[in-house]
Structures are given as structure tokens and as C-alpha cells.
Amino acid sequence: MKTNIKILGIYGAALFGLLAFRPLEEKKVIVIDPAHGGHDFGATMNGIQEKTLSETIAKKIKALNKDSNIEIVLLRDGDHFMELSERVSIINNLNPDLVISLHVNSSQNADKNGVEAYISSRKDFHEKSKENAEKLVNNISGDFLLKGKIEEANFYILKNSNCPAITLEVGFLSNAENRDYLTSESGQNEIAAKILESVK
């Protein structure tokens with residue numbers, strides 16, 4: 001009996017040791033960069049400004065996140081202008097798993113509709129960026145936003161961020177249906193939830 005107790009004690013101590021020294025799972029860090037800000041309104045239509053929509057949706061993504069293994073970092077939390085170089089400097093200091101530069105589109109063609117994404121052609125992060133872009137476009141598109149293109153682009157944040165990076169356009173302000181969806185509470189909540197689900 002004593003021997004059995006001793007053996008159980010040894011196993012217990014060994015198990016405790018394994019659990020005590022097992023490295024904790026690192027948090028997944030996702031940077032959301034709400035486009036424009038301050039004097040830079042971005043796309044505008046009927047008094048609606050891209051800078052406001054991108055910030056509103058970004059804040060909803062952060063508020064919806066209840067997963068302790070995911071940290072959502074907002075580059076802009078308030079209506080102020082940030083240089084692209086300042087944004088990239090913060091991104092590279094954070095060294096995140098992914099950065100999403102969040103935009104709203106506009107076109108002279110009022111029929112253009114949907115969600116689009118852009119990634120860099122840089123080989124080091126191309127595949128991971130493309131994989132995340134496809135997941136985002138697939139998840140966000142649906143009844144209100146058509147599934148749009150994923151293309152390579154030479155945008156400053158894409159080419160200078162030392163991590164997978166995506167410019168995400170979540171609809172067209174110039175399209176009446178997209179605009180109604182983007183400016184509604186339910187539409188913004190749905191877009192935010194779908195973005196959050198896509199990065200988990």
C-alpha cells in the first residue's frame with residue numbers, strides 16, 4: 001500500500017512538473033488599422049465619411065473579442081490623423097500575426113458592390129497574407145456584400161509591414177445598398193463579427 005502511494009506521489013509530482021513548466025500558449029496579436037482620420041476623411045458620400053466608418057467597425061471588432069488568446073490592437077482609437085510611416089513603425093514594433101488596414105471603397109460606377117482585399121507581392125508574407133485575405137473576403141461577403149477580388153498592390157502599409165498584411169475594403173459608399181448596410185448598426189456589427197471570426 002505504501003509503495004502504491006509512493007508511486008502515485010511520484011507520478012503526481014511528475015505531472016505537476018510538466019504542467020508547471022509547459023509554456024503558455026502565446027497570444028495571437030491582430031492589428032486593426034482604421035484608415036484615414038483627422039483632416040483625411042477618405043471616401044465621402046452624403047455626409048458619410050470613410051474615416052468614421054472604419055473606426056466604428058474597428059472598435060466593434062475589439063469590443064466583440066472575448067477570446068483571451070487573441071489580442072486586438074487598434075492603431076487609431078479616435079479621430080486623429082496618422083502618417084503612414086507612423087502606422088508602420090507601430091506595427092513593426094508590435095510584430096503582430098496579422099495587420100488589417102480597414103477601408104471603405106468608392107467608385108464612379110454606382111453599381112460596384114462588395115468586399116475586396118489587397119496584399120503585397122513580397123514573397124516572405126505573400127502566402128499568409130493571401131490565405132487570410134481569402135478567408136476575410138469569403139466570410140464577409142453574403143447577402144449585402146458581393147464577393148470581390150483579391151489583388152496585389154504596392155500600398156505603403158502592405159509593402160513596409162514586417163508581417164502578413166491586408167488592405168480590406170468592406171463595401172462601397174457609392175453603392176446605395178452597400179451604404180445602407182455599412183451605416184446600419186446591424187451591418188456594422190455583422191461586419192465586425194465576421195472579421196473577428198476570420199482572424200481566429
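At 5% relative accessibility, Lys51 counts as buried, because the cut-off for buried is under 20% relative accessible area. This value, like the others in this report, comes from a predicted model.

The side chain of Lys51 forms a salt bridge with the side chain of Asp79, at 2.9 Å from N to O. Asp79 is partly exposed, with a relative accessible area of 47%, whereas Lys51 is buried.

## Arg76 and Glu55

Another salt bridge joins the side chains of Arg76 and Glu55, with an N to O distance of 3.2 Å. This pair links distant parts of the chain: Glu55 lies in helix H2 and Arg76 in the loop between E4 and H3, 21 residues apart.

Arg76 has a relative accessible area of 0% and is therefore buried. Glu55 also counts as buried, at 11% relative accessibility.

## Leu74 in strand E4

Leu74 is part of strand E4, which covers residues 70-74. Its relative accessibility is 14%, so Leu74 counts as buried.

Which residues does Leu74 contact, leaving aside its neighbours within four places in sequence? They are Ile32, Ala58, Lys59 and Lys62. Leu74 and Ile30 are 44 residues apart in sequence, and their C-alpha atoms are 8.7 Å apart in space.

## Arg122 and Asp124

The side chains of Arg122 and Asp124 also meet in a salt bridge, at 3.1 Å from N to O. Arg122 counts as partly exposed, at 23% relative accessibility. Asp124 has a relative accessibility of 51% and counts as exposed, because the cut-off for exposed is over 50%.

## Salt bridges in the whole structure

How many salt bridges does a search of the whole structure find? The search finds 12. Among them are Lys51 with Asp79, Arg76 with Glu55, and Arg122 with Asp124.

Terms used. Residues are numbered from 1 along each chain as its sequence is written. This is a predicted model: local features need pLDDT of at least 70, side-chain atom pairs count only at pLDDT 80 or more; totals for chains, interfaces and linings use all residues. Side-chain values use heavy atoms; hydrogens and water are left out. Helices (H or I, at least four residues) and strands (E, at least two) are DSSP runs, numbered from the N terminus. Buried means under 20% relative accessible area, exposed over 50%, partly exposed in between (1.4 Å probe, protein chains only). Contact means heavy atoms within 4.5 Å. A salt bridge is a side-chain nitrogen of Lys or Arg within 4 Å of a carboxyl oxygen of Asp or Glu.
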